[in-house]
Amino acid sequence: MVNVAILGFGTVGSGVAEVLTGHENSIARKADGLIRLKYILDVRDFPDSPFAGKFVKDFAVIENDPEVDIVVETIGGAKAALDFTRRALEAGKSVVTSNKELVASHGYELTQLAREKGVCYLFEASVGGGIPIIRPLSQCLAANEILEIYGILNGTTNYILTRMIRTGLTFDAALQEAQDNGYAERDPSADVEGHDACRKICILAAIAFGRHIYPEQVPTQGITGVTLADVDYAESAGKKIKLLGRAIRREDGRVCAYVAPHLVDQSNPLAGVEDVFNGISVRGDAIGDVMFYGRGAGKLPTASAVVADVIDVARNMGSRKALSWEPGGEDTACGTDDLASRWYVRAKASVDGLRAALPDCKLLARRESGGEESACITAQELTRAELEEKLAGLEQHSLIRVLD
Ligand code: HSE
């Protein structure tokens, strides 16, 4: 019998409790033995919950109970979650988490600690919700030199963009829907400002390139600046606007990682990734391109990945299964200063004004043009600085990279 304690009875934690207990028999078969949910830690009271008898408020109860083998951390954030994770690992318990903030900021330290203690620290649910990506990247693609990873890593923003594109819903109304569906973070600015996608690309980059990339090293732009006009202009060019996290291995060994909205051509499979779904594309030197697709957020999809990690630990009790990588440093990541691309440009300018700045650009048309602005896609690949120099005479422009 393997005993589990869940920390945090929010959306994901309650989903884990439901899946663990609801699928008890089939999980027992897969784990070669029963997995029992022994405790749930939460500061709140849940008198009407079917798990009412399992709640505790003091982490020490779990820490000091030698029967607890696996701690599932679904508190989120990097404060109490970090303290409890360290203490659980120190106490010789394996930890499974969906907490991308913690893994992105402290993954190196925590995987090292798990190794030292001979236990597991697993975090399949931290990227892509229910999509298997951490294990495929670290195991199934292990023979490859990974060249690039890019994808739609945040379900909430993809949901918002899809609703704006399909139904013309405002940003705020679409965000409210995402929150009602339990997709958004407690503080939705982490989603819409791109920080959630940033943490996820840091985790993927660490596994793919073997060095810790810290969120502070990753230029991050969310979708709050994307307007219905941009969505409409993109549509006229046969493209969709998607928030992408991207990590590219450079020849000098550094990793160029960033998060930003992009115009994605409708022929690219990522353009068809809609609603809360995520899509992650990995390019390896032997396999070429491979893509992962599925539900990137939500209670049960995320619980599916967490419980799979619990089963993995239970099946391999006594053997260490901690992913690991090298520590990060100033020389590990580079910004996007020298990353050239084609650009979508919307400016408060006449068509002639825009053409004067960018003579070879492809002008875009909108169904309902306000007449005071114009938009185009540049013909050449330019760095941001080169583009801004060309646009120096124009006021108020919005710039979005084109994914080619
Ligand atoms: N808020 C996150 C998202 C949850 O929308 O993708 C899953 O990590």
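## About the model

This is a predicted model, in which local features need pLDDT of at least 70 and side-chain atom pairs count only at pLDDT 80 or more, while totals for chains, interfaces and linings use all residues. Residues are numbered from 1 along each chain as its sequence is written, and side-chain values use heavy atoms, with hydrogens and water left out.

Helices (H or I, at least four residues) and strands (E, at least two) are DSSP runs, numbered from the N terminus. Two strands pair if DSSP finds at least two bridges between them.

Let's start with an open sheet of six strands, paired in parallel in the order 3-2-1-4-5-6. Its edges are strand 3 (55-56) and strand 6 (121-122); each has a single partner strand, so one side of each is left without a neighbour in the sheet. Within this sheet, strand 1 (residues 2-7) runs parallel to strand 2 (residues 35-41), and six bridges join them. Val-2 stands opposite Ile-35 in strand 2.

Strand 4 (residues 68-73) holds Ile-70. With a relative accessible area of 0%, Ile-70 is buried (buried means under 20% relative accessible area, exposed over 50%, partly exposed in between, with a 1.4 Å probe and protein chains only). Leaving aside residues up to four places away in sequence, Ile-70 touches Val-2, Asn-3, Val-4, Ala-5, Ser-94, Val-96, Val-310, Val-313 and Ala-314; contact here means heavy atoms within 4.5 Å. Val-310 is 240 residues from Ile-70 in sequence, yet their C-alpha atoms are 7.3 Å apart in space.

## Two helix pairs

Two packed helices are described by the angle between their axes and the distance between the axes. Axes are lines fitted to C-alpha atoms, for helices over the stretch in contact, and angles run from 0 to 180 degrees between N-to-C directions. Angles under 35 degrees count as roughly parallel, over 145 as roughly antiparallel, 65 to 115 as roughly perpendicular and the rest as oblique. A crossing is left-handed if the near helix is turned anticlockwise from the far one by less than a right angle, and right-handed if clockwise.

Helix 4 (residues 80-90) packs against helix 5 (residues 100-117) at an angle of about 10°, with the axes 9 Å apart. The two helices are therefore roughly parallel to each other, and their crossing is right-handed. On the helix 4 side the contact involves Ala-81, Leu-82, Thr-85, Arg-86, Leu-89 and Glu-90, which meet Leu-102, His-106, Glu-109, Leu-110, Leu-113, Ala-114 and Lys-117 in helix 5. By class, this contact has seven nonpolar, two polar and four charged residues (Ala, Val, Leu, Ile, Met, Phe, Trp, Tyr, Cys and Pro count as nonpolar, Asp, Glu, Lys and Arg as charged, and the others, Gly among them, as polar). The buried residues of helix 4 are Ala-81, Leu-82, Phe-84, Thr-85, Ala-88 and Leu-89. After helix 4 comes Gly-92, with a positive phi near 80°.

The axes of helix 7 (residues 155-167) and helix 8 (residues 171-180) come within 9 Å and cross at roughly 135°. Helix 7 and helix 8 are therefore oblique to each other, in a right-handed crossing. Helix 7 contributes Thr-156, Tyr-159, Ile-160, Arg-163 and Met-164 to the contact, and helix 8 contributes Phe-171, Ala-174, Leu-175, Glu-177 and Ala-178. Seven of these residues are nonpolar, one is polar and two are charged.

## Strand 9 and its partners

Strand 9 (residues 255-265) is mostly covered, with 10 of its 11 residues buried. Strand 8 (residues 239-249) runs antiparallel to strand 9, joined by 11 bridges, and Arg-249 has Val-255 as its bridge partner in strand 9. The two strands form a hairpin with five residues between them, and Gly-253 in the turn has a positive phi of about 90°.

Strand 9 also runs parallel to strand 12 (residues 333-334), with two bridges; here Cys-256 stands opposite Cys-334. With strand 16 (residues 395-403), strand 9 pairs in the parallel sense over three bridges, and His-262 has Arg-401 as its bridge partner in strand 16.

Most residues other than glycine have a negative phi, and most peptide bonds are trans. Gln-396, however, has a positive phi near 50°, and at 58% relative accessibility Gln-396 counts as exposed. Asp-275 also has a positive phi, near 55°. Asp-275 lies in the loop between strand 9 and strand 10 (277-284), and at 24% relative accessibility Asp-275 counts as partly exposed.
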